[in-house]
Amino acid sequence: NKAIDRFANLLADEFYSRIQPELASEHYSKKSMHIENKKELKSKKNNAQTVNQAVASAISEFRKFRKSQRLGIYGKARLHMKFMERLTELGYEHKIAKKLNEEILFKTH
């Protein structure tokens, strides 16, 4: 359990260093934003690419850890719950942390 907790916290901290909560909220919010000009469109695309790369990196790290530790169902659940809890502690909205966690969970099965 300690190894799972440490890894989940470390991965969440790393994710936070790459993607600030505001950027994640902007990316995952379902609100339709009207784009005024090409510069805003380019910025939005770059932000989306940055978030997608960070998520892909997290997915890769989750897979490596789960494989190396041979986690059972409860270990996997703990890993994802601790990751989501740490994201919330770092300032991500609960619904955004949940969406991130679900995306990673579904792509690591």
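This briefing looks at how aromatic rings pair up in the structure above. The model is a predicted one, and it holds 5 aromatic pairs.

**The F15 and Y92 pair**
- The ring centres of F15 and Y92 are 6.1 Å apart, and their planes meet at 45 degrees, so this pair is tilted. An angle under 30 degrees would have counted as stacked, and one over 60 as edge-to-face.
- F15 sits in helix α1 (residues 2-18), while Y92 belongs to the loop between α4 (73-89) and α5 (94-107), so the pair ties together parts that are 77 residues apart in sequence.
- F15 has a relative accessibility of 3%, so F15 counts as buried.
- Y92 has a relative accessibility of 2%, so Y92 counts as buried. The cut-off for buried is under 20%.

**The F62 and F83 pair**
- With ring centres 5.2 Å apart and planes at 90 degrees, F62 and F83 form an edge-to-face pair.
- F62 is part of helix α3 (residues 38-69) and F83 is part of helix α4, so this pair ties together parts that are 21 residues apart in sequence.
- F62 is buried, because its relative accessibility is 0%.
- F83 is buried, because its relative accessibility is 1%.

**The aromatic cluster**
- F62 and F83 also belong to one aromatic cluster, together with F7 and F65.

Key
Residues numbered from 1 in each chain as written. Predicted model: local features only at pLDDT ≥ 70, side-chain atom pairs only at ≥ 80, totals over all residues. Heavy atoms only, no water. Phe/Tyr/Trp six-rings, centres within 6.5 Å; stacked < 30°, edge-to-face > 60°. Helix = DSSP H or I, 4+ residues; strand = E, 2+ residues; numbered from the N terminus. Buried < 20%, exposed > 50% of the residue type's maximum accessible area, 1.4 Å probe, protein only.
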